[in-house]
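Subject: Structure handover

Hello,

Please find the structure below. My notes on it follow.

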Amino acid sequence: MNGTVSTIVIVVILAVILFFAVKNSIPHFRGEGGCCGGSGKEKLIKPAKLERIIATKVIKIEGMRCENCNRRVQNALNQLDGVNAKVYGDRAEAVVKLGRDIEDIELEKAVTDLGYRVISIEKI
């Protein structure tokens, strides 16, 4: 009988832990959470209007998990002078239009400084 009671107590405790774990994860799975350390409500910086576009590059990025991640990466790229970037989380990439010559290392640093990994940068 003692074994049955202790088993029931353990199952109840595990059920409560599981309930709260799932409940607190739901906003994250909807892309509303701050999985990357943000509040999930970071404002999107408008990309700069470029007088002319000298190049367009596609940056493949690993590690973006939610809309907040996408906004963080897009904002970091758009803060660079001469950059107009749009991040597509579903494709795990950023399309970057350049108004001036910018080295790939500068674009990569803007992304990796946030904790994401750049897989490749291709000029299109």
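In strand 4 of this predicted model, Ile 121 is the bridge partner of Ile 59. Strand 4 covers residues 117-123 and runs antiparallel to strand 1, with six bridges joining the two. Strands pair here if DSSP finds at least two bridges between them. Helices (H or I, at least four residues) and strands (E, at least two) are DSSP runs, numbered from the N terminus.

Strand 1 also has six bridges to strand 3 (residues 93-98), again in an antiparallel arrangement. There, Lys 57 stands opposite Val 96. Strand 1 itself spans residues 55-62, and six of its eight residues are buried. Buried means under 20% relative accessible area, exposed means over 50%, and partly exposed lies in between (1.4 Å probe, protein chains only).

Which residues of helix 3 are buried? In this helix, residues 104-112, they are Leu 107, Ala 110 and Val 111. Seen down the helix axis, these buried residues fall within an arc of 95°, so they line one face of helix 3. The arc is taken from the directions from the helix axis to the C-beta atoms. In general, an α-helix has 3.6 residues a turn, so residues three or four places apart point the same way. The buried residues of helix 3 pack against strand 1, helix 2 (67-78), strand 2 (83-88), strand 3 and strand 4, where a contact means heavy atoms within 4.5 Å.

Helix 1 (residues 2-29) contains Ile 13, which is partly exposed at a relative accessible area of 46%. Ile 13 belongs to a nonpolar surface patch of about 550 Å², together with Val 5, Val 9, Ile 10, Leu 14 and Ile 17.

As for the whole protein, three helices and four strands follow the pattern α-β-α-β-β-α-β along the sequence. Of its 124 residues, 31% count as buried. The accessible surface comes to about 8300 Å², of which 56% belongs to carbon and sulfur atoms, by the Shrake-Rupley method with a 1.4 Å probe and, for residues, only the protein chains shown as cover.

Residues are numbered from 1 along each chain as its sequence is written, and side-chain values use heavy atoms, leaving out hydrogens and water. Local features need pLDDT of at least 70 and side-chain atom pairs count only at pLDDT 80 or more, whereas totals for chains, interfaces and linings use all residues.

Regards

Note on methods
Patches are made of residues with over 30% relative accessible area and no salt bridge: like charges are joined within 9 Å, nonpolar side chains (Val, Leu, Ile, Met, Phe, Trp, Tyr) within 5 Å. A salt bridge is a side-chain nitrogen of Lys or Arg within 4 Å of a carboxyl oxygen of Asp or Glu.
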